[in-house]
Amino acid sequence: MLQQSDKRGFGLGVLVFLLVVATWVAGFVYAPTDANQGEIYRIMFLHVPCAVTAFSSSFALFVLSVVALKKKSEAVLVWARATAEVGALFTALTLLTGSVWGKPTWGTWWVWDARLTSELILFFLYLGYIALTSAIDDPRRGDRAGALIAIVGAINVPIIYFSVKWWNTLHQGASVSMTQAPSMARLMLWAMLLMALAFWLYAIALVFYRVRTLILQRERQAQWVQDLPEVAGGVA
C-alpha cells in the first residue's frame with residue numbers, strides 16, 4: 001500500500017509540474033491584459049485554483065468523515081486527517097492571494113466581506129479539526145472527534161459558494177457558470193481551469209504522501225514498519 005502510494009504521488013507530481021509550467025506560460029505570458037484591472041488580475045491564476053482546491057478539500061473531508069463514522073473505518077479517518085491538513089494549506093493560500101489581489105483593487109488588504117469571512121471561518125474549522133485530533137492522545141479517538149467537527153462544519157461550504165449571491169459583497173461573482181457563457185477571454189479561461197486542475201492534482205499527491213507519513217508514525221512500533229528498507233537501513 002505504501003509503495004503504491006509513493007508511485008501514485010510521484011506520478012501525480014510529474015503531471016502537476018507539466019501542467020503548472022504550461023498554464024504559467026499561458027496565464028502569465030500569453031493571456032491578454034484585463035481591461036479593468038490591468039496586469040494585477042493575473043493573480044487570479046493562483047487565487048482561484050487555491051480556492052477551488054480548498055473548497056474541494058472541505059467537501060472531500062465531509063464525505064470521508066461520514067464514510068469513516070458509518071463504516072467505523074480507521075483507515076478512512078487517516079485519509080480524512082491528511083485531507084484536512086492539505087485543505088488548511090490551500091485555504092491559507094486562498095486568503096493570502098486574495099489579500100494581495102484586494103489591496104490594489106479594493107484599496108485594502110482585508111474587509112469583513114461575506115465571502116472573505118466565510119473563507120476565514122473555513123480556515124479556522126480546518127485548524128480546529130487539526131488541533132482537536134492532535135490534542136487527544138489516542139489518534140483513533142482524535143480522528144473520530146475531528147470527523148464530527150468536519151461534518152458539522154460542512155454547513156459552511158454552501159455559505160462560501162452562495163455568499164456573493166445571498167449578500168451584497170465586494171467580492172466579484174463567479175466568472176464561470178454552468179448556465180451562462182464565461183465572462184473572460186478563452187485563453188484566460190483555459191489557463192485558469194488547467195491551473196485549477198494542476199492544484200487539485202497536487203493536493204491529491206500531498207494527501208498520498210501525508211497518509212504514508214501518518215501510517216508510519218502511528219504504526220512505528222509494528223514489525224512490518226521496522227522491516228521497511230528505509231527504517232531497517234537507518235534512513236528513517
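## Overall organisation

Among contacts in the protein chain between residues at least 6 apart in sequence, 72% join residues at least 24 apart, a contact being heavy atoms within 4.5 Å. The model is predicted: local features need pLDDT of at least 70, side-chain atom pairs count only at pLDDT 80 or more, and totals for chains, interfaces and linings use all residues. Residues are numbered from 1 along each chain as its sequence is written, and side-chain values use heavy atoms, with hydrogens and water left out.

The protein chain holds nine helices and zero strands; helices (H or I, at least four residues) and strands (E, at least two) are DSSP runs, numbered from the N terminus. Of the 236 residues in the protein chain, 39% are buried. Buried denotes under 20% relative accessible area, exposed over 50%, and partly exposed the range in between (1.4 Å probe, protein chains only).

## The cavity

One cavity of 30 Å³ or more is found in a search of the whole structure. On a 1 Å grid over the protein atoms alone, a cavity is a set of points where a 1.4 Å probe fits but cannot get out, whereas a pocket is an open set with protein on both sides within 12 Å along at least five of seven lines; lining residues have an atom within 4 Å of a point. The largest cavity has a volume of about 90 Å³, a volume being the space filled by probe spheres set on the points, with grid points joined across faces, edges and corners.

Its lining consists of Ser58, Leu61, Phe62, Leu122, Leu125, Tyr126, Tyr129, Ile149, Ala150, Gly153 and Ala154. Two or more of the lining residues come from each of α2 (44–71), α4 (114–135) and α5 (139–153), and α4 gives the most, with four residues. By class, the lining of the largest cavity has nine nonpolar, two polar and no charged residues. Here Ala, Val, Leu, Ile, Met, Phe, Trp, Tyr, Cys and Pro count as nonpolar, Asp, Glu, Lys and Arg as charged, and the others, Gly among them, as polar.

## The second largest pocket

The elements giving two or more residues to the lining are α2, α3 and α7. Its lining has eight nonpolar, four polar and no charged residues by class.

## Helix α4

At 1.5 Å a residue, the 22 residues of α4 should span 32 Å, and the end C-alpha atoms of α4 are 31 Å apart, which agrees; the expected span is 1.5 Å times one less than the number of residues. Asp113 caps the N-terminal end of α4, with a side-chain oxygen 2.8 Å from the backbone nitrogen of Arg115. The buried residues of α4 include Arg115, Glu119, Leu122, Tyr126 and Tyr129.

## Two individual residues

Ser99 is placed in helix α3 (residues 74–106) and is buried, with a relative accessible area of 15%. A polar atom of the Ser99 side chain lies 3.0 Å from the backbone oxygen of Leu95. Not counting residues up to four places away in sequence, Ser99 touches Trp109 and Trp110.

Ala185 is found in the loop between α6 (156–166) and α7 (186–218) and is partly exposed, with a relative accessible area of 31%. The C-alpha atoms of Ala185 and Thr33 are separated by 10.0 Å, although these residues are 152 residues apart along the chain.

Terms used:
A polar contact is a pair of N or O atoms within 3.5 Å; within protein, one must be able to donate a hydrogen and the other to accept it, and residues adjacent in sequence count only if both atoms are side-chain atoms.
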